[in-house]
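Student: I have a structure to read today. Please show me how to go about it.

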Amino acid sequence: MILLKLFFAFIQVGLFSVGGGYAAIPLIQDQIVNIHGLMTIEEFSDLITVAEMTPGPISINSSTFVGMRLAGVGGVLLCTLGCILPSFCICLTLAHFYYKYRTVGGVQTVLAALRPAVVALIASAGLSILMLGLFQSDLFSASIENLRFVELGLFAVSLVLLRKFKTNPIAIILGSGVAGTLIYTLIVI
Amino acid sequence: MNERRNKLWTLFKSMFMLSACTFGGGFVIVSLMKKKYVEELKWLEEDEMLDVTAITQSAPGPLPVNASVIIGYRMAGIVGSVVAVLGTILLPMIIISVISLFYNQFRTNKYVAVALQVMRAGVAAVIFDVVINLAKNVCKTKRVLYILMMIVAFICTCLLKVSAMLVIITCLIIGITDLLLETRKKTPH
């Protein structure tokens with residue numbers, strides 16, 4: 001019974017989480033903590049921490065975590081399936097129409113107007129991650145005393161490697177993690 | 001047949017690798033996908049990648065999963081979508097399942113915290129690299145409207161905290177208006 005309940009709860013989460021992973025968190029909280037009372041709010045906040053700390057989409061991470069804690073491997077599979085099923089169907093439909101009509105002149109004009117916006121959205125996401133990395137705060141509360149020089153150095157080196165030497169981005173992300181951790185453990189701490 | 005199997009395997013493998021590196025939200029994976037599928041494998045055109053991003057942002061559900069559905073569909077139809085989504089969610093599911101069993105140790109581990117903090121520098125560098133290239137191409141269109149839209153959209157999302165969804169809808173309306181004006185110009189009175 002709990003499996004079915006979880007499956008339908010996460011279908012609703014998947015269907016209504018418009019606008020990225022963080023939009024899913026209040027929806028999961030509503031379903032799991034408030035409506036079904038399957039978790040306490042403390043357990044739920046641990047879930048968010050872990051979901052943010054590990055790679056992968058936040059909503060997949062949270063549905064896996066909830067599924068595992070409440071119903072083991074079966075729970076993981078059903079929660080995750082529920083979470084992605086609505087968007088899978090919707091995106092498949094959108095993809096079908098996009099590839100059918102994208103070469104039509106009028107559609108081209110409309111799509112071209114969306115591209116500058118997407119570039120801006122990616123840029124904003126990049127800036128907020130940079131702020132978190134350099135100041136451990138957002139753009140508005142950043143102050144120069146809190147500037148973290150190790151992260152600034154890593155950012156500069158990474159950017160040069162990417163632009164001048166076309167280094168693989170995955171190597172950059174993992175490399176900055178390893179290099180930074182070594183610097184902090186050996187020198188700073 | 002063999003070629004198709006190779007393509008599906010590459011699709012799965014690349015989604016798996018990219019998903020393993022998405023610390024910090026959906027736009028990280030978009031930057032990584034652009035590098036992988038546009039620059040390295042040359043499966044997609046740059047404009048197409050931006051269109052796919054706009055579509056994934058407008059549909060409900062996790063952005064990386066949505067993007068995998070569309071890219072998978074483009075490369076190998078519905079089977080491609082399923083394979084790409086599996087690649088994206090498999091590793092996060094395994095990692096979270098394991099961590100959920102002993103999450104207290106993980107959450108309070110000093111090295112994990114440092115590694116996650118410093119990795120942001122590398123992630124930000126990857127996003128900046130991609131954004132520089134994309135912004136250059138928007139400027140190359142030499143359309144003042146697009147350049148202006150990009151700047152305004154950046155200010156709106158970054159400083160005024162306007163939601164991504166609203167920015168995309170607004171640009172969609174601008175695109176449709178642009179199309180209507182264009183058609184009217186062409187039809188003689």
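**Reading a helix and an interface**

Tutor: Start with packing: the buried residues of H7(B) pack against H5 of chain A, and also against H6 and helix H8 (164–186) of chain B. This is a predicted model, where local features need pLDDT of at least 70 and side-chain atom pairs count only at pLDDT 80 or more, while totals for chains, interfaces and linings use all residues. Residues are numbered from 1 along each chain as its sequence is written, with chains lettered from A and ligands numbered from 1 in the order in which they are written.

Student: Which residues of H7(B) are buried?

Tutor: A residue is buried if 20 or more other C-beta atoms, placed from the backbone, lie within 10 Å of its own, exposed if 12 or fewer, and partly exposed in between. In H7(B) the buried ones are B:Tyr146, B:Met149, B:Met150, B:Ala153, B:Phe154, B:Cys156 and B:Thr157.

Student: How many residues does each chain give to the contact?

Tutor: Two residues are in contact if their C-beta atoms, placed from the backbone, lie within 7 Å. Chain A gives 80 residues and chain B gives 90. Helices are DSSP runs (H or I, at least four residues), numbered from the N terminus. H5(A) gives the most to the side of chain A that touches chain B: 24 residues.

Conventions. Helix = DSSP H or I, 4+ residues; strand = E, 2+ residues; numbered from the N terminus.
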